[in-house]
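Hi,

Here is the structure I promised to pass on.

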Amino acid sequence: MGLLEDCQDLFGSSDLYEVLGVPRSSSEAEVRRGYYKTSLQVHPDRVPQDPHSTSKFQTLGKVYAVLSVAEQRAVYDEHGIVDEESDTVKEGRDWDEYWRLLFPIVTLQDIVNFEQTYNGSDEEQQDLLRLYRDCSGDMDQILDSALCCGPDDEPRVRRILQAAIDGGDLPALRAFTHKNCRKKAARKRKADTGRAQSEQLKKELSLDEVNDLSSRRAASREAGFSSLISSMEEKYCNNKPAKKKKK
């Protein structure tokens, strides 16, 4: 099958932009960010239980490779087709190596620094408003998807979202306004467990010199690392692939 057919089969859509979760008007950096965030969700190392994870990861690499080349993106935008004979989507390419070339390792301190500037920013507020709509007001999903957030952040996140509702920027959805005590208790238990685990991890990693709140969040969850890195991609991953990797 061709790339578009693979996308339809694996992701339920043959629209390359929809597969990456970005609009057609996205900039090059936004397309790359969409690729990073989407590829993390299917990376074979992260979801080994999914028998299709390798195929999905490789397909996402091809999708990004097409949309990252101006000429090929223009052809796709105008005609809705992909040159299946191009080196960009050729079989046998090491897509994991390609991915790691695009997204080099980010350190713990990079993550901590990002969190300190992100929390309370206009960018965070806009991200939370978008998540509120995408998650239909479900606080569990919002907290799981939000950057730099965990169960302990629920009161702060609620205040931000409630202010947007009161100001008319968001609709009052039942999933948000109708408080579920059982779910809230489950989130509290999750926070308590995560707090204990992160304190133990801090001791093992000797992170006492790092800000306590930031280090607890940054060190407690590998998933948190991934979410933060995706937002830092433009700042820390500006290097283009070597010419032999560009098509």
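Cys-135 is buried, as its relative accessible area is 8%; buried means under 20%, exposed over 50%, and partly exposed in between, with a 1.4 Å probe and protein chains only. Cys-7 counts as buried too, at 0% relative accessibility. As for disulfides (a pair of cysteine sulfur atoms within 2.5 Å), the structure holds 0 of them.

Before you read on: this is a predicted model, where local features need pLDDT of at least 70 and side-chain atom pairs count only at pLDDT 80 or more, while totals for chains, interfaces and linings use all residues. Residues are numbered from 1 along each chain as its sequence is written, and side-chain values use heavy atoms, with hydrogens and water left out.

Now the charges. Side chains of opposite charge can pair when their charged atoms come close. Counting a salt bridge as a side-chain nitrogen of Lys or Arg within 4 Å of a carboxyl oxygen of Asp or Glu, there are 11 in the structure.

One to look up is Arg-156 with Glu-124, where the closest N and O atoms are 2.9 Å apart. This pair links distant parts of the chain, 32 residues apart: Arg-156 sits in helix α10 (residues 154-166) and Glu-124 in helix α8 (residues 122-134). Helices here are DSSP runs of H or I with at least four residues, numbered from the N terminus.

Asp-134 is exposed at 54%, whereas Arg-130 is partly exposed at 36%.

In helix α6, Asp-96 and Arg-100 are 4 residues apart, so about one helical turn separates them. Their side chains meet in a salt bridge (3.0 Å, N to O). Both ends are partly exposed: Asp-96 at 27% and Arg-100 at 43%.

Finally, Glu-5, Asp-83, Glu-84 and Glu-85 form a negative surface patch. For patches, residues need over 30% relative accessible area and no salt bridge, and like charges are joined within 9 Å (nonpolar side chains within 5 Å). Glu-84 lies in the loop between α5 (70-79) and α6 (95-102), and is partly exposed at 35%.

Cheers

Terms used
Areas by Shrake-Rupley, 256 points an atom, 1.4 Å probe, with all protein chains shown as cover. Lys, Arg positive; Asp, Glu negative; His and termini not counted. Charge placed at Lys NZ, Arg CZ, Asp CG, Glu CD. Helix = DSSP H or I, 4+ residues; strand = E, 2+ residues; numbered from the N terminus.
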